[in-house]
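Work through these exercises with the structure open beside you. Try each task before you read its solution.

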Amino acid sequence: MAYTTDGHQTSWWHRNQQQLTPWLFLAPGILFFLFYVIFPIFQSFNLSLYEWDGLGEAEFVGLYNYEELSWDDAFYTSLKNNVIWLVLYLAAIPAGLFIALFLNQTVTGIRLYKSLFFFPFVISQVVVGLVFTWFYDPTFGILNVLLGSVGLPPINVLGDENWVTIGIIVAGLWPQTAYCMILYLTGLNAVDPEQIEAGRLDGAKGWRMLWYIIIPQLRPATFIAFVVTIIGALRSFDLISIMTNGGPFGASRVLSFYMFEVALSEYGFRMGYGAAIAVVLFLIMLMFIAYFLWSMYKEEKAR
Amino acid sequence: MRSMLKTSAAALAFFATATGGAFADGLTGDLKIFLDTSNPAPRATMEKMIADFQAENPDLNIETTVIDREAYKTQIRNFLTANAPDVATWYAANRMRPYVEAGLFEDVSDLWDGTEIGENLASTKGALTIDGKQWGVPYTYYQWGVYYRKDIFDELGLTEPTTWEEEKANCQKIIDAGKKCYTIGTKFLWTAGGWFDYLNMRTNGFDFHMDLLQGKEKWDSEKVRATFANWRELIDMGAFIDNHQTYSWQEALPFMVQGDAAAYLMGNFAVAPLRDAGLTDDQLDFYQFVEITPGIEKAEDAPTDTFHIPANAQNKENAREFLKYVVSPDVQTWINDGKNLGQLPVNAKSSVDQDKFLEQGFEMLSTNSPGGVAQFFDRDAPAEMAKVAMEGMQEFMVKPDNLDKILARLDRSAKRIYKD
C-alpha cells in the first residue's frame, strides 16, 4: 500500500481496487450459485418437513416424511442400488487407465483408434441405454444368442431383479470408461520421460514401472477421474429411466430416480417426500464433496 | 416468451377493434387451447376440429398449443396455476380429482343441465362428476377387451369363450400348440392394471372393485385373494409371454403379429398398430372379457378423455361454447370415426363409424355392461395408490409366491394414501 501514502487525494475506489476487483468478477457467479444451488438446498430441507401435493396447501408434518422413509422398502432398495452403483462404477477408472496405456503408442492410424474408443462418450446416454436394451433383449437380443452358442441358459438381464442393476451399470461403464481413458491419455502426455529413463536404468519394468513410476505421476488425472466417476454414479438417472423405468417392480431404482418418481412423475404427488429423499441424497453427496474439497485444499497448501 | 408477448399484443389490438365493431355473428375475443394429443393422427383431428370452430367464429382469435402427451402429465400442474389456458385436455374420474380439489378446474355443471348435454352424454356423466358437480366434458372414449388372432383360433378349432372355464380350456389348447395365450408388456405397469380390473370386476363385481380402489375395502381380504387366485391359474399355466416385465405395450405387439401369442387384453387403440403391422380384419377379432363368477353383472373399462376449463382461464364464455361444440352430435361423429380418432363418440345422438371393432365396442358398452363403466385402474384409484398397486401386480405376475408380501405392502400404503 506504499503508493497510497504519498499524500495524493485518491478516491476510495482507487485505494481498494486491488481488493474489490476479484469480488466484482466473482459476483455474477456467486449470485447464481447462491440463487440456484445454496438457496434450493435450504428450500428442499424446508419442504421435506411438509406434506404437499404441489397444488394445494402444504401441511407441516415435522419429521414424518423421514419416519415414512425408514419404513419404505423401496427407499432401501434405492439406497442399496446407489451403493452398488458407487462401487461398481469405479471400475471405469482402471479400465480407462489400461485402455489409455494400450493406446499410448505411436503407430499409423492411432488417432482413429483413439477416437473410436472415445466414441461412446460422445453419443447420448439415451442412445447408450437403447443400444444396451436391445443387446439384453431376452427374445431378440444378441447377448442370449451368444450365451446360447456356448451352451448357457438365456437370462433376462433387465427383467431379473438380481441382475438388472448390474446390467445397467455395465451399460453406464461403456461411456464412463471412455471418459476416464481420455483423462489418462492427456495425463500420460505429461509423464516425465527422464524419470522413466531413470527407472529403466534402475531395472524397473512392467508392473513395477507402472506402479512406482507411472501411476504416481498420473495422480492429478486419477483424482479427476475419481471425481467425475463418483458424480456420474450418483447421477445415474437417464440410463435407468430409458432401460427399465425403475423396474422390474422397482428393483433398479436409485435415490434420484425414486425422488423423481414420488414427486414429479405421472403418478407422483408427494413433494415433501421427494424432498426428504433429496435431502438424503444430498447428505451422501456431501460426504464426497467434503472429501474432494479437503483433498484439494491439502494440495493447494502443499504448494 | 417473445411469441407470447407478440400474440398478447395482437390479441389486445384485436380486442380493441372487436369491441368497437359491435356484435356480429359468432364469438369474439380470445380462446387459448392446450392439447395433449401429440400423436400424429389425433393431432390432425384436433387441429381440423379447431379449424372448423374457427370457421364458424371468424372473429375469434384461437391459439392452440400441442404438448407431448407424456410431458403434459407433469406440465399441467404448472400451467393450471401459473399461465392457464381457456381449455385443456385431461382424463376423467380420479385423474382429475387433485385439480378439482385444488380448485383449478371450473365447475361446468351449468353445461350439463338440460337435455342437450345432460341426457345425450348420460353414459359418461358419472365419470365427470365429483361431489355432485361436473368438472368438464368428455370428447372420446374407447372400449377394452380381448383382441385375438381369429386365424389361430380357427386353426385350433377354438371359438370365442364366454365363461372362465372356456377361456382356460381355450388357453390350454393354445399352449399345447406351442404358443402363448396372451401377450402383454408390463414395463410401464398399467397393462397389468387392465388385467386386474377385469379379473376383479368379474370375480367380485363392479361395486367391490370401486370400493377397493377408493380405499373402502382391504387388499388383504378373501375377495381380493380370490381375484389373484384366478390370475394365478393363468400364470401357472404359462398363459402370458415370458419376460413381459421388459417390454412396453408396443414392444409386446410383435408376439401377436408373428403368431407367438394368440390374444391381447387391450384398449381399442391397439387395433391401429396391429393393422399397420399387416394383420387384416379377417385375422383379427374381438371378444368381451369372459364371465368368472356366474351371476355377477359385467362391467367394462372404458377410459374417457376430456376437456376442462381451468379455474384461472381468461375467456370462460368462449371456452364453454367450445366445449358445447366439441360434444355436439355431428362433431362427435366425425372426430371419432375410423379415419380420425377411431374411437367411440360420447354423444348418444352421434353415429358410430362402420368399423368392426368400434361397432362391437359400442354394442358391448351400450347393451352388455349392466354392472357399470370403469375408467381404468390408474384413473379410478388415486395416482399414488395406482403406482404401488400396479407395481405389486407386475411383481405378482413374475413371482406369484410373493402375494402375501405384496398385499401387506398395499394395505400399508393404502392406510397412508386414503387417510383423509
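**Exercise 1: The domains of chain A**

Task: Find how far apart the C-alpha centres of domain 1 of chain A and domain 2 of chain A lie.

Solution. The C-alpha centres of domain 1 of chain A and domain 2 of chain A are 37 Å apart. Now place the bounds. Domain 1 of chain A covers 10–39, and domain 2 of chain A covers 59–302. Keep in mind that this is a predicted model.

**Exercise 2: Confidence**

Task: Decide where in chain B the pLDDT stays under 50, and what ipTM the predictor gives the complex.

Solution. Start with the whole chain. Chain B has a mean pLDDT of 89, and 94% of its residues reach 70 or more. Over residues 1–7 of chain B, pLDDT stays under 50. The model has one contact beyond four places in sequence for these residues. Residues 9–24 of chain B also have a pLDDT below 50. That stretch has eight contacts in the model beyond near neighbours in sequence. Where pLDDT is low, the predicted coordinates should not be read in detail. Last, take the complex. Its ipTM is 0.81 and its pTM is 0.83.

**Exercise 3: Where the chains meet**

Task: Work out which helix of chain B gives the most to the side that touches chain A.

Solution. Count the residues in contact. Chain B brings 20 residues, and chain A brings 19. Then list the elements of chain B that give two or more residues to this side. They are helix 3 (69–81), helix 4 (97–101) and helix 19 (383–398) of chain B. Helix 19 of chain B gives the most, with eight residues. Finally, sort the chain B side by class. It has seven nonpolar, five polar and eight charged residues.

**Exercise 4: Two helix pairs in chain A**

Solution, first pair. Angles over 145 degrees count as roughly antiparallel. Now look at the contact. Helix 8 of chain A uses residues including Tyr179(A), Leu183(A) and Gly187(A). Helix 11 of chain A answers with residues including Ala221(A), Ile224(A) and Val228(A). By class, this contact has nine nonpolar, four polar and no charged residues.

**Exercise 5: Inside chain B**

Task: Describe the domains of chain B and the packing of helix 10 with helix 12 of chain B.

Solution, domains. Domain 1 of chain B is 2–142 + 303–350, and domain 2 of chain B is 144–301 + 376–417. Their centres, taken over C-alpha atoms, are 33 Å apart. Nine residues of domain 1 of chain B are in contact with ten residues of domain 2 of chain B. The domain 1 side has five nonpolar, three polar and one charged residues.

Solution, helices. Helix 10 (residues 190–204) and helix 12 (residues 222–237) of chain B pack at about 120°, with axes 9 Å apart. That makes helix 10 of chain B oblique to helix 12 of chain B. The crossing is right-handed. Among the residues that meet are Trp195(B) and Leu199(B) in helix 10 of chain B, and Lys223(B) and Trp231(B) in helix 12 of chain B. By class, the contact has four nonpolar, five polar and one charged residues.

Definitions and conventions
Residues are numbered from 1 along each chain as its sequence is written. Chains are lettered from A and ligands numbered from 1 in the order in which they are written. This is a predicted model: local features need pLDDT of at least 70, side-chain atom pairs count only at pLDDT 80 or more; totals for chains, interfaces and linings use all residues. pLDDT is the predictor's confidence in each residue, from 0 to 100. Two residues are in contact if their C-beta atoms, placed from the backbone, lie within 7 Å. Helices (H or I, at least four residues) and strands (E, at least two) are DSSP runs, numbered from the N terminus. Ala, Val, Leu, Ile, Met, Phe, Trp, Tyr, Cys and Pro count as nonpolar, Asp, Glu, Lys and Arg as charged, and the others, Gly among them, as polar. Domain bounds come from an automatic or database domain assignment. Axes are lines fitted to C-alpha atoms, for helices over the stretch in contact, and angles run from 0 to 180 degrees between N-to-C directions. Angles under 35 degrees count as roughly parallel, over 145 as roughly antiparallel, 65 to 115 as roughly perpendicular and the rest as oblique. A crossing is left-handed if the near helix is turned anticlockwise from the far one by less than a right angle, and right-handed if clockwise.
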